[in-house]
Amino acid sequence: MIVTLAMLPGCMKDMAEGTVSRFRGGDPAPVAAVPEARRAVARPSDASEIIYALQLRSSAIEPGTPYARVADAVIASDARVAEAELRVAQLRAEAAAKNWMPRFGPRVSLDSLGAFVAELVINQVLFDNGRKVAERDLAKANVEIAAVALVEDGNSRVGDALSLYLTAQQNRDLAAHLQGALQEMGHFEWVILERVKGGVSDMSDLNVVRQKLAAMRARSGEAQEAAAVALAELNAMSARPLAELFGIGGLREPGAGEALGVLRARAERERTIAEAKIARAGHLPGLAATGALGRDGRVTGGLELTTDSLFSLGTMAEFEAIEATRVSADRRVGEAREVAGRQIQSQRIQRDAYRRQGQEAAVLTAQAKTNLDLFRAQYEGGQRQVMDVVGVYEIYATALEAEIDLRYKAARAALELARLQGALAEGTSL
């Protein structure tokens, strides 16, 4: 069975608000009919607040773009380990939802005469200081943590795939640019070689141009190899080949919502509080009704006081430590919110800075191209030497290379921003 975030409201059954009346203490309440799995949640009351926030989480990837095709391909081939862990947590939550019901089973003992005594024992908790409720809350918190982990896993996988795709695309663009530069410099090499043959130029100019050509060939080869490696790794984690995919996809500004790290901290806070309640209940006495049915048909029963821990001189300190865990959990949520906000703001500023620098680089590239065209015209008119044109062309090629680098730095910054916001994988698609 495959578990998705969209299925959680139906899967959690009586753990969710609105589908089952709340249990109070150990008393059962009637269970309403649970609908089949749905693709979306109608309202926040259908699920926990954290699950609802995860389901409504929209992706920042523009549909129909290369980014979207990469994301769909890698999600389709995911091993979905986090999904299996979510399924385990959901099953444990279903089991915990029935912890208020009586427990029964056989009891076999050896009496003083050496004979075995077999009985059927039933136990019903009457008062447990909120332990059963806390156990249900703990199971629910574990489902929330597993759901956050599922979204984190999908978000990280798509981020890794898009990072590989950007690496491949950047190196392919760089290799294409260097191939064009090699053709231009090859033409200059031919011109200087002919001038050397005619005695107009010396070998020093030819050696300089050939050295520049060798450096360009080496960089072009490195770019092609880096692109091949990135594409090979991307295809290995994809459900279908992506080598024929080109272009940078668009990323829109994601909707308002808390970062995944904050949602995880909130879910862990709920788990910590539930564990603290269970620990506190373990130090207090409870009341349970017990009955036994022997082989001879005799029924016995009674009430018993239960406790997990005996009182000691350190019990009050343990109570204080349990209460302090609530404060600690709240502070961890605040710390997670602060760290996430700081990282997101820093990454947003860096993204905007790279975009501005890219625009400036595009202006510089246009100016370098204008100068190159002017020098070409002057060279053809006999007013410039060929080495003058070579120098200006090298400036233009360097400016174009810097523009490519800044364009992809801005794309990577935008991708990292979306990853920090947890907006690379849509909640309902997971």
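1. Read along the sequence, this protein runs α-α-α-α-β-β-α-α-α-β-β-α-α, which comes to 9 helices and 4 strands. Helices here are DSSP runs of H or I with at least four residues, strands are runs of E with at least two, and both are numbered from the N terminus. The model is a predicted one, so local features need pLDDT of at least 70 and side-chain atom pairs count only at pLDDT 80 or more, while totals for chains, interfaces and linings use all residues. Residues are numbered from 1 along each chain as its sequence is written, and side-chain values use heavy atoms, with hydrogens and water left out.

2. A word on the whole chain before the details. Of the 430 residues, 43% count as buried (buried is under 20% relative accessible area, exposed is over 50% and partly exposed is in between, with a 1.4 Å probe and protein chains only). Among contacts between residues at least 6 apart in sequence, 80% join residues at least 24 apart; a contact means heavy atoms within 4.5 Å.

3. Helix α4 (residues 81–96) packs on α5 at an angle of about 165°, with the axes 8 Å apart. Axes are lines fitted to C-alpha atoms, for helices over the stretch in contact, and angles between N-to-C directions run from 0 to 180 degrees. The angle makes α4 roughly antiparallel to α5 (under 35 degrees counts as roughly parallel, over 145 as roughly antiparallel, 65 to 115 as roughly perpendicular and the rest as oblique). The crossing of α4 and α5 is left-handed, a term used when the near helix is turned anticlockwise from the far one by less than a right angle. Residues of α4 in this contact include L86, A89 and A93, and those of α5 include A139, V143 and L150. By class, the contact of α4 with α5 has 11 nonpolar, 2 polar and 6 charged residues. Nonpolar covers Ala, Val, Leu, Ile, Met, Phe, Trp, Tyr, Cys and Pro, charged covers Asp, Glu, Lys and Arg, and polar covers the others, Gly among them.

4. On α7 itself, T272 counts as buried because its relative accessibility is 18%. T272 touches T325, A329 and R332, not counting residues up to four places away in sequence.

5. Helix α6 (residues 203–236) has 34 residues that should span 50 Å at 1.5 Å a residue, and its end C-alpha atoms are 49 Å apart, which agrees. The expected span is 1.5 Å times one less than the number of residues. Which residues of α6 are buried? They are L206, V209, L213, M216, S220, A223, A227, A230, L231 and L234. An α-helix has 3.6 residues a turn, so residues three or four places apart point the same way. The buried residues of α6 pack against α3 (66–76), α5 and α9.

6. Helix α8 has 66 residues and reaches 95 Å from its first C-alpha to its last, close to the 98 Å expected. The axes of α8 (residues 315–380) and α9 (residues 386–420) come within 8 Å and cross at roughly 160°, which makes α8 roughly antiparallel to α9. α8 passes α9 in a left-handed crossing, and their contact has 21 nonpolar, 7 polar and 9 charged residues. T365, found in α8, is buried, with a relative accessible area of 7%. Leaving aside neighbours within four places in sequence, T365 is in contact with Y396, A399, L400 and E403. Just after α8, G382 takes a positive phi of about 85°.

7. Two further residues are worth a look. N129 lies in the loop between β2 (116–127) and α5 (131–197), and has a positive phi of about 60° although it is not a glycine. N129 counts as partly exposed because its relative accessibility is 23%. I122 sits in strand β2 and is partly exposed, with a relative accessible area of 40%. I122 touches P102, R103, F104, A289, T290 and G291, not counting residues up to four places away in sequence. I122 and G301 are 179 residues apart in sequence and 9.1 Å apart in space, C-alpha to C-alpha.
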